[in-house]
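Opening my notebook on this one. I'll jot down what I looked up, entry by entry.

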Amino acid sequence: MPASRWHMGWEDIMHWLEEDAAWQEAIMPFLHRILNRTKGEDQDNASETPQGPEPQAPEILEIPILPLRGTVVYPQTGTPLTVGLPRSIRLVDDVLANDRRLGLVASKKPELEDPAPEDLYDIGTIASIHRLFRAPDGTVRLLVQGQQRMRVLEYIQTEPYFVARVEVIPEATEHSLETEALARNVREQFQAIAEMVASIPKELVASVLALEDPLQLVYTIANFQRMSLEDAQEILALDSVTEKLHKLLAILTHEAEVLELGQKIQDKARSEIEKMQREYFLREQMKAIQSELGEDDEQSAEIKTLRRKIEAAGMPEEAKEQALHELERLARLPIAAAEYGVIRTYLDWLTSLPWSEITADDLDLARAQEVLDKDHYGLEEVKERILEYLAVRKMRQERREALEARAPEDAIRHDREGAILCFVGPPGVGKTSLGRSIARAMGRKFVRISLGGVRDEAEIRGHRRTYIGAMPGRIIQALRRVGTRNPVFMLDEIDKLVFDFHGDPASALLEVLDPEQNTEFRDHYLEVAFDLSQVLFITTANDLDNIPAPLRDRMEIIPVSGYTENEKVEIAKGYLVPRQIHENGLFPEEITFTDEALHTIARAYTREAGVRNLERQIGKVCRKVARQIAEGKTTHAQITADNLSDYLGRPRYYGLEEVAHRVAIPGVAIGLAWTPAGGDILFVEATKMPGSKGFTLTGSLGEVMQESAQAALSYVRSRAAQWGIPEDFFEKTDIHLHVPAGAQPKDGPSAGITMATALVSLLTEQPVKPEIGMTGEITLRGQVLPVGGIKEKILAAHRAGLTTIILPQRNQADLEDLPEQVRETMRFIFVTTADEVIQAALAAPSQHPDDENAQGAKRHA
Ligand SMILES: Nc1ncnc2c1ncn2[C@@H]1O[C@H](COP(=O)(O)OP(=O)(O)OP(=O)(O)O)[C@@H](O)[C@H]1O
Ligand SMILES: [Mg+2]
């Protein structure tokens with residue numbers, strides 16, 4: 001109950017009054033009247049309120065004492081009080097029946113409901129009750145007006161309420177400059193406070209400021225101002241008005257400072273919040289304006305577009321869910337947030353992938369054959385494989401329902417729709433361009449990425465989105481570029497992947513190329529699965545050995561080997577020449593190449609498995625002719641074998657002549673090597689000198705090749721007698737075996753018989769027949785074992801002009817792969833022992849007067 005009036009500030013009073021309109025109506029005029037020092041009769045007509053003049057108090061009098069809880073009542077002020085205790089109500093009733101006067105004394109212990117005399121301050125105020133109002137809850141509300149200060153001398157009665165003998169204490173009201181100055185300061189501070197505290201009614205403030213009597217000023221302001229009970233009591237107890245003003249001024253100043261500081265804190269907090277919210281409000285405003293105009297703001301327009309794109313992208317459930325989820329996040333973010341851009345880019349990626357874009361395959365086999373033939377000469381095997389693939393697709397498509405009805409039981413296996421072909425072969429044989437042609441034949445789109453130099457798994461599979469600047473990997477990028485989910489996808493140069501500490505790009509590729517996994521390829525950036533199973537993957541490589549075995553396993557290897565001279569000329573006539581003529585701005589009637597000229601370019605100006613240099617040389621001729629025509633020197637050029645050097649300079653290769661020159665000396669034999677560039681011939685040279693260092697090997701030979709050389713030497717030593725080599729020869733002589741031709745590392749066992757031949761040739765001083773090339777592994781006991789790469793090796797020998805090849809017997813079957821022309825023009829000698837090799841390879845003993853090595857060797861023998 002509000003009976004306990006803890007010390008109230010003006011705000012509390014106002015609040016209290018607001019609760020009760022009638023009470024307020026009564027009190028306001030009363031307060032004004034007091035403030036305006038309205039004297040005389042109280043004009044209030046309330047029947048309960050007794051009326052009469054304010055009697056003048058004698059110096060000493062006996063008077064009922066009403067203890068106050070938490071408040072002090074001052075003379076010359078009006079104060080509302082609430083009384084609830086029965087004894088206090090009784091007191092009020094008795095006082096009303098007498099002269100309406102009572103003593104009001106504050107309790108030192110406001111927490112006590114019923115204080116004892118010793119709990120009360122001595123000094124209080126004599127007041128008269130002006131108005132009384134009985135509330136429905138039984139409490140009584142009073143308006144009292146303070147009259148004079150008093151001091152309690154002694155309590156003469158405690159029951160039913162306190163009665164005390166009191167003396168009136170006069171006020172000391174000095175009128176000095178100091179009081180005047182203090183009073184002015186007090187007014188100013190009060191005004192300042194009133195301005196900061198909105199709840200003080202302005203008209204009351206005006207009345208207070210108009211008070212001239214310093215004493216009334218002190219009491220009135222102290223009555224309104226929130227302060228501690230001790231301060232309030234002190235203001236009452238101080239005798240001098242100057243001191244009272246000092247005290248009050250200190251309180252007001254402190255209060256004003258606190259209020260001001262509070263306001264500053266509030267202002268600062270507000271301005272910070274305002275700054276933060278300013279942009280927000282502006283945006284909201286902009287949104288409102290835009291929506292008024294029927295436009296979308298930037299963000300919601302973007303979100304709308306994205307939503308439309310998501311709906312239109314034809315994504316699978318998982319991707320769509322993810323996209324919508326991210327879209328929701330986007331909608332909640334402010335457009336300026338860094339993450340906003342990240343999510344938007346992500347959604348751009350998601351929505352621009354060809355989730356459901358698919359081109360219909362052209363399954364007309366006849367037409368496909370036509371396209372393949374039109375683009376490439378030869379390559380029959382490859383073309384056949386492509387046509388088979390198309391035939392299978394065609395069957396599956398046509399018989400779909402019937403096939404489904406009869407599907408095999410093992411449901412755990414995916415139907416392998418895509419195929420992964422791997423074209424392996426030397427450079428320039430048309431692997432890459434075949435891929436393009438296949439796409440054209442099938443009516444699919446074509447996309448190609450090169451894996452050369454790719455060393456990071458992330459290049460294949462992307463970076464997680466948490467990385468700054470993350471992107472999808474190359475697979476997904478290429479698919480977006482091509483715009484369909486079933487393109488012919490060429491992974492070029494898969495053998496040039498780099499393996500180092502950056503992670504394993506091959507394992508990422510495995511996932512791409514494994515039909516069991518690639519229906520659910522997960523790019524790190526996208527996070528959601530993309531189905532790669534409709535993609536026709538084609539990989540290319542020069543060297544099968546460089547492809548990690550697990551990858552190799554998943555691909556269908558299709559060898560594309562080098563071309564023979566005749567094939568090259570056909571390719572040149574059908575494809576390269578017309579293309580170069582066109583590319584160099586010529587008309588076909590302005591330049592002709594004779595077949596002989598093309599043969600010569602292929603033979604004497606290039607030495608390669610493919611046709612890239614051939615095309616380049618043809619291009620060079622075309623450029624020269626274009627210049628002649630442009631300069632008006634001619635209108636037509638006929639290129640023949642004879643005038644070729646006018647265009648291309650001196651020939652670079654001389655065929656068998658060159659070879660014959662080198663093997664004229666005993667101790668040199670020609671081997672055949674396989675290289676990623678398609679095979680080559682290999683000279684093996686042996687020489688001897690007096691000494692006891694034994695056997696030296698040079699020419700950057702790999703370990704296997706070195707062992708193979710040791711085996712060859714042991715074989716030769718074990719047969720020394722057979723060839724008439726003295727017993728002690730190997731103790732007195734150093735032998736050096738060298739394999740020149742670049743510093744290209746050479747390895748493998750296939751030079752075994754060549755090294756044995758070179759050694760025997762050296763020791764018997766019989767040169768090797770110049771037209772013979774050989775390949776085969778040798779055992780210690782002189783057996784010849786089969787080797788790989790026969791086709792490329794023989795093509796290389798053919799290019800170099802060799803006509804006879806010594807081969808292990810067990811490689812005979814490999815000859816089937818050779819083009820007719822090669823098989824027909826070359827002689828093959830199949831052997832099972834090294835003895836047969838030596839017999840076939842060595843020419844009759846011959847003398848070379850111009851050969852110093854041979855002579856020197858003889859001298860020291
Ligand atoms: N059989 C062919 N018929 C017509 N043109 C051919 C044939 N073989 C190769 N070419 C042409 O030779 C050029 C080189 O071919 P391509 O670039 O496809 O070689 P590649 O096998 O991919 O070589 P690399 O291993 O160096 O990448 C292309 O212009 C291609 O059209
Ligand atoms: Mg290529």
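Predicted model: local features only at pLDDT ≥ 70, side-chain atom pairs only at ≥ 80, totals over all residues.

**Overall.** I started with burial: 49% of the 861 residues in the chain are buried (under 20% relative accessible area; exposed is over 50%, partly exposed in between, with a 1.4 Å probe and protein chains only). Residues are numbered from 1 along each chain as its sequence is written, chains are lettered from A and ligands numbered from 1 in the order in which they are written, and side-chain values use heavy atoms, with hydrogens and water left out.

**Cysteines.** I searched the whole structure for disulfides (cysteine sulfur pairs within 2.5 Å) and got zero.

**H12 against H15.** How do helices H12 and H15 cross? The axes of H12 (residues 365–375) and H15 (residues 431–442) come within 8 Å and cross at roughly 150 degrees. Axes here are lines fitted to C-alpha atoms, for helices over the stretch in contact, with angles from 0 to 180 degrees between N-to-C directions. So I logged H12 and H15 as roughly antiparallel (over 145 degrees; under 35 is roughly parallel, 65 to 115 roughly perpendicular, the rest oblique). The crossing is right-handed, meaning that the near helix is turned clockwise from the far one by less than a right angle, anticlockwise being left-handed. On the H12 side I listed Arg367, Ala368, Val371, Leu372, Lys374 and Asp375, which meet Ser437, Ile438, Arg440 and Ala441 of H15. By class, that contact has five nonpolar, one polar and four charged residues. The classes: Ala, Val, Leu, Ile, Met, Phe, Trp, Tyr, Cys and Pro are nonpolar, Asp, Glu, Lys and Arg charged, and the others, Gly among them, polar.

**H21 against H22.** Next I took H21 (residues 595–605) and H22 (residues 612–630), whose axes come within 10 Å and cross at roughly 120 degrees. That makes H21 and H22 oblique to each other. Leu598, Ile601, Ala602 and Tyr605 of H21 meet Leu614, Gln617 and Ile618 of H22. I counted classes there too: six nonpolar, one polar and no charged residues.

Most residues other than glycine have a negative phi, and most peptide bonds are trans, so I looked for exceptions. Glu159 and Pro160 are joined by a cis peptide bond, with omega about -5 degrees, and Pro160 sits in the loop between strands S5 (140–157) and S6 (162–169). Leu379, not a glycine, has a positive phi of about 50 degrees. Leu379 is in the loop between H12 and H13 (380–398) and is buried at 12% relative accessibility. Glu527 also has a positive phi, about 70 degrees, but is partly exposed at 35%.

Methods
Helix = DSSP H or I, 4+ residues; strand = E, 2+ residues; numbered from the N terminus. Contact = heavy atoms within 4.5 Å.
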